[in-house]
Amino acid sequence: MIMRNEKLAEFLKPGKRVHMVGIGGVSMRPLALVLQDRGICVTGSDMNSSGSTEELLRHGISVAIGHRGENIQGADCIVRTAAARNDNPEMAAARAAGKGDGGHSDFFCAKNGVQLLLIAGDLFDSRFVTPESAELFCTLVENCGIPVVLSPGNHDYYTENCFYSKIRARLDDKLTVFSSPELQAFDFDDLRVRVYGYAFTSMALMQSPLSDAVSPEDNGYIKLLCAHADLASPVSRYAPLTLAEIERFGFDYAALGHIHNRDECEDSDGRVRYCGFAEGRSFDELGTGGVWIVDLDGGRCEVSRRVLA
């Protein structure tokens, strides 16, 4: 689930030039075409020529093969694939020139006016995270430019020596991770938002963390729940919540994980939803993947779907 506002809007106007590092990538290529359709001048570079780069050339997008600092000349903003490290020559040139550096996640968030990103667990299939996946995740969070909140689920559950605890020092001011099976809350004062949640600390969480929790005194902030939970069964091994418990806390919106398909929970006025998968990775994740964009203001809740894959 993602909340909205404005960021990098000046780079998403017709006539601006955006240079994309790794433009032939599976997610960068369609983004380049979308930006071009908006009247933005798009250029890019990639290490190798491919069918993707040839397609971009056919659409009139200039693609340089090889990463060189001079490729960014004249660009208003630089967008890089998550695989492009900080020591990439074009990224070094961008920093030296004071150009904006937007990873793919940064540009998605900016394009949709996002202020806060919630991840409701099972980001990884297991507690073992490969070094490549770890670096990719950290780079995406660093590039995102907004706070990211994560509630570990039954596959990527939280322990003292887990991946999430090891990266805290690197992402301390960018990533907030729930670490207890009991309900916790974090305030984001600039946004006037309080996010509630909890963490699986093993492969099962037999009791609802909301059942015995006491709702703190209302501070006037927007109240969000980011949780890995099962609303389908009261005897579930995976944090069995109920709509009644969610309503008792008066959450403005509940972003839930665990169910692999998107779902708007009945009788919740659209304020309780499972996001489903962002990108399918198995035979039980078929169809289009995406995220919910949630706009909350003065008691109003507007939700829209953004397809990612």
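Student: In what order do the six strands of the open sheet stand?
Tutor: Strands here are DSSP runs of E with at least two residues, and helices are runs of H or I with at least four, both numbered from the N terminus. Two strands pair if DSSP finds at least two bridges between them. The pairing in this open sheet is mixed, and its six strands follow the order 10-11-12-13-15-14.

Student: What pLDDT do local features need in this model?
Tutor: Residues are numbered from 1 along each chain as its sequence is written, and side-chain values use heavy atoms, with hydrogens and water left out. The model is predicted: totals for chains, interfaces and linings use all residues, side-chain atom pairs count only at pLDDT 80 or more, and local features need pLDDT of at least 70.

Student: Which residue of strand 11 is the bridge partner of Phe-188?
Tutor: Strand 10 pairs with strand 11 (residues 193–197) in the antiparallel sense, over five bridges. The two form a hairpin with four residues between the strands, where Arg-192 has a positive phi near 55 degrees. In strand 11, Phe-188 has as its bridge partner Val-193.

Student: Which residue of strand 15 is the bridge partner of Leu-256?
Tutor: Strand 13 (residues 253–257) and strand 15 (residues 272–274) run parallel and are joined by three bridges. In strand 15, the partner of Leu-256 is Tyr-274.

Student: Is Ser-151 buried or exposed?
Tutor: Ser-151 sits in the loop between strand 8 (148–150) and helix 6 (163–166). Beyond its neighbours within four places in sequence, Ser-151 is in contact (heavy atoms within 4.5 Å) with residues including Ile-119, Phe-178, Tyr-198, Cys-226 and His-228. Buried means under 20% relative accessible area, exposed over 50%, and partly exposed in between (1.4 Å probe, protein chains only). Ser-151 has 0% relative accessibility, so it counts as buried.

Student: How far apart in sequence are the parts tied together by Arg-170 and Glu-142?
Tutor: Arg-170 and Glu-142 form a salt bridge, with the closest N and O atoms 2.8 Å apart; the term requires a side-chain nitrogen of Lys or Arg within 4 Å of a carboxyl oxygen of Asp or Glu. Arg-170 lies in the loop between helix 6 and strand 9 (175–177) and Glu-142 in helix 5 (residues 131–144), so the pair ties together parts separated by 28 residues.

Student: What is the volume of the second largest pocket?
Tutor: On a 1 Å grid over the protein atoms alone, a pocket is an open set of points with protein on both sides within 12 Å along at least five of seven lines, whereas a cavity holds points where a 1.4 Å probe fits but cannot get out; lining residues have an atom within 4 Å of a point. This pocket has 15 lining residues, with Pro-181, Glu-182, Leu-183, Pro-209 and Ala-213 nearest its centre. Grid points are joined across faces, edges and corners, and a volume is the space filled by probe spheres set on the points. The volume is about 230 Å³.
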